[in-house]
Amino acid sequence: MTDMDIFAALQYAFIRRAFIAGSFIALVCSILGVLLVLRRLSLIGDGLAHVTFGSVAIGLLLKQQPSFVAIPVVMASSLGIMKLMQKARLYGDAAIGIVSSLGIAGGVLIASLSGGFNVDLFSFLFGNILAISRAEIVTSIVLSIIVLSVVFLFYNEYFSTTFDEEFARISGINVRKINSLLVLLTGITVVLTMKVVGIMLTSALLILPAVTALQIAKSFRNTMILSSLSGISSVLTGIYVSFALNLPTGATIVIVNFLFFTVAFLSRHAIQRRRY
Amino acid sequence: MNANSMSPILSVENMCFSYGPLEVLHEVTFAVGRGDYIGLVGPNGSGKTTVIKVILGLLEAGKGTVSLFGTNPSAFGDRHKIGYLPQKLTNFNPHFPATVKEIVSLGLFSKKRFPKRIIKDDEALINDAMTLTDVLDIKDALIGELSGGQQQRVLVARAIVNKPELLILDEPTTALDPEARENFFKILYELNLRENVTIILVTHDSASIGKYASKLLYLDKKVIFYGSFEDFCSSENMTHYFGEFTQHLICHRHD
């Protein structure tokens with residue numbers, strides 16, 4: 001396969017940086033992904049990633065760091081999706097579709113009006129975690145810790161609301177605030193994920209670890225743990241394989257994630273066949 | 001009826017509610033005392049679920065007043081005093097990866113402050129609720145792997161795990177076979193009799209409810225009848241309203 005073993009790869013600072021940032025971002029995506037998939041909001045990652053594209057265009061137009069522009073814009077858009085669902089009585093997929101297409105349209109218009117950007121848009125579309133900077137690592141770790149802390153502190157509120165929103169409301173849980181917080185955290189995470197797999201493949205990091213865990217999980221807590229393990233392992237494996245075989249990192253991570261899902265799916269069916 | 005049933009828990013006065021221009025509840029008035037077991041019956045679309053949702057603070061009454069433990073439902077803070085079993089789970093995902101025990105534990109969070117955590121002492125409460133509803137032996141099974149009747153018993157366990165003072169159940173027996181339905185009614189009867197839990201049971205099964213409930217609330221957008229079964233069964237007005245056959249159907253199993 002390759003003569004580059006994992007220890008040799010770790011000699012490179014950029015690989016170590018990619019492993020550290022990738023692990024944190026994968027963990028956050030895997031945890032949030034479980035909540036989003038179970039709420040049938042899987043494609044919110046895709047929709048917000050499209051908004052990220054528009055935000056990157058704004059950042060480039062204003063000659064600002066795209067991520068810093070993207071975070072507030074994407075967070076506002078995530079709240080916009082919530083409001084559309086509540087006030088315009090839209091299903092989640094329709095609300096996501098509206099915000100998603102607005103994001104892309106805005107990005108294309110801004111790029112067109114500014115006469116195009118002389119930058120490598122490819123890296124925003126498909127990510128390049130091997131080129132992650134020290135400042136971006138720190139940002140990723142800090143934001144990841146914030147997201148993880150919120151989910152940990154409100155774990156049972158999220159469990160209750162995800163299983164049965166009406167019962168959660170009767171239990172005194174402020175469902176509206178909990179839901180708003182979830183989409184805001186998702187917004188932050190989507191921007192972080194842009195560097196790992198890029199705008200086009202963001203939803204894969206949110207969806208695939210969660211659905212992999214759902215194939216074999218035995219409880220809600222177990223789903224969270226398995227999703228995290230699957231997400232982190234696939235990002236680390238994807239980074240290493242892409243480096244060793246000189247492949248695009250984002251796409252490799254997604255393919256590894258899909259392989260994990262396939263193994264989990266086949267295992268579940270094998271177990272069921274043996275049982276019956 | 002229990003001895004202290006005169007203490008007020010819930011009072012609804014002249015309550016009206018409309019979905020847009022469509023009025024579904026008109027001048028509804030009734031009061032529930034501590035220890036009462038109310039059978040709330042009425043035809044489809046009579047406003048039974050809407051009344052429950054207003055009482056629980058999920059909907060706001062357009063007119064009139066609702067007092068739950070002396071407080072407006074939307075401002076009611078002691079949520080642990082209420083147990084609720086919905087007509088059906090909204091957006092229920094049969095592949096939801098939660099065990100029976102995890103779901104029953106959800107009923108405890110109304111009593112807990114931030115951060116809501118299950119502690120060792122809660123285990124006994126969870127086990128008690130699972131034992132009473134006969135789901136202890138399937139506590140580690142995933143909810144989606146259970147039959148409709150088993151799922152319903154899990155949701156009952158979730159509703160009673162907190163030892164509520166008021167238990168509201170919205171058509172809980174629709175997914176149950178006759179034997180399971182009878183067992184279910186017995187569980188409620190025991191809770192009412194031994195634990196003095198006040199019960200409001202919305203049901204179409206007026207024949208069974210006559211056997212256990214102490215009062216009947218018949219709703220058809222307005223209160224048609226509210227009182228004891230004895231009064232209902234001897235009321236000529238009700239004979240006139242329902243016809244002898246229906247009145248007999250509701251009354252004949254009540255002893």
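Two strands are taken to pair if DSSP finds at least two bridges between them, and helices (H or I, at least four residues) and strands (E, at least two) are DSSP runs numbered from the N terminus. In chain B of this predicted model, strand S8 (residues 215–219) and strand S9 (residues 223–228) run antiparallel and are joined by five bridges. Tyr218(B) stands opposite Phe225(B) in S9(B), and in the hairpin of S8(B) and S9(B), which has three residues between the strands, Lys221(B) takes a positive phi near 70 degrees.

Residues are numbered from 1 along each chain as its sequence is written, while chains are lettered from A and ligands numbered from 1 in the order in which they are written. Because the model is predicted, local features need pLDDT of at least 70 and side-chain atom pairs count only at pLDDT 80 or more, whereas totals for chains, interfaces and linings use all residues.

Most residues other than glycine have a negative phi, and most peptide bonds are trans.

The contact between the chains takes 20 residues from chain A and 21 residues from chain B, two residues being in contact if their C-beta atoms, placed from the backbone, lie within 7 Å. On the side of chain B that touches chain A, strand S5 (82–85) and helix H2 (100–105) of chain B each supply at least two residues. By class, this side of chain B has 13 nonpolar, five polar and three charged residues, where Ala, Val, Leu, Ile, Met, Phe, Trp, Tyr, Cys and Pro count as nonpolar, Asp, Glu, Lys and Arg as charged, and the others, Gly among them, as polar.

Confidence is expressed by pLDDT, the predictor's confidence in each residue, from 0 to 100. The mean pLDDT of chain B is 87, with 95% of its residues reaching 70 or more. Among the elements of chain B, H2(B) has the highest mean pLDDT (96) and helix H6 (residues 206–212) the lowest (75). Over residues 1–5 of chain B pLDDT stays under 50. Where pLDDT is low, the predicted coordinates should not be read in detail. The model scores ipTM 0.86 and pTM 0.88.
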